[in-house]
Amino acid sequence: MKITSIRIKKLIDSSTKLKAVANVTLDDAFAVDDIKILQSEEGLFLAMPSRKLNDGKFTDIAHPINRETRKAFEKLLFGGYDFILKTECVSIDMTLDNSECENLYEQKPSDFSVNILY
């Protein structure tokens, strides 16, 4: 499994903890939308898509099952978000450009070509 495309949209209101929203496609076959990039006192973190239960609590709809997979997602999504901050754009589309990549754990932001939207 590998991430084949990423779309990240930076939010304009910088006064909230929510900084950006990402959509990820795995193996050109499965999409996970609405991954949130949030800022805390400790730094950036990912919040996976979730839904609100009747008791007011939230539960993830899709999420990494282990720490290694979460770290791989963080590396790619935080790398894309960092690119947005450096280029001062609003949104980017990243498409896997390195077919040599065997799996998710080997991927890095430089393996993707980037389309910038200002």
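Select Lys71: with 51% relative accessibility, Lys71 counts as exposed (exposed is over 50% relative accessible area, buried under 20%, partly exposed in between, with a 1.4 Å probe and protein chains only). This is a predicted model, where local features need pLDDT of at least 70, side-chain atom pairs count only at pLDDT 80 or more, and totals for chains, interfaces and linings use all residues. Residues are numbered from 1 along each chain as its sequence is written, and side-chain values use heavy atoms, leaving out hydrogens and water.

Glu74 and Lys71 are about one helical turn apart because they sit three residues apart in helix H1 (helices are DSSP runs of H or I, at least four residues; strands are runs of E, at least two; both are numbered from the N terminus).

Asp82 is partly exposed at 34%, while Lys86 is exposed at 64%.

Next, jump to Arg7 and Asp93, whose side chains form a salt bridge of 2.5 Å, N to O. This pair links distant parts of the chain, with Arg7 in strand E1 and Asp93 in strand E7, 86 residues apart. Arg7 is partly exposed at 45%; Asp93 is buried at 15%.

Note on methods. Salt bridge = Lys/Arg side-chain N within 4 Å of Asp/Glu carboxyl O.
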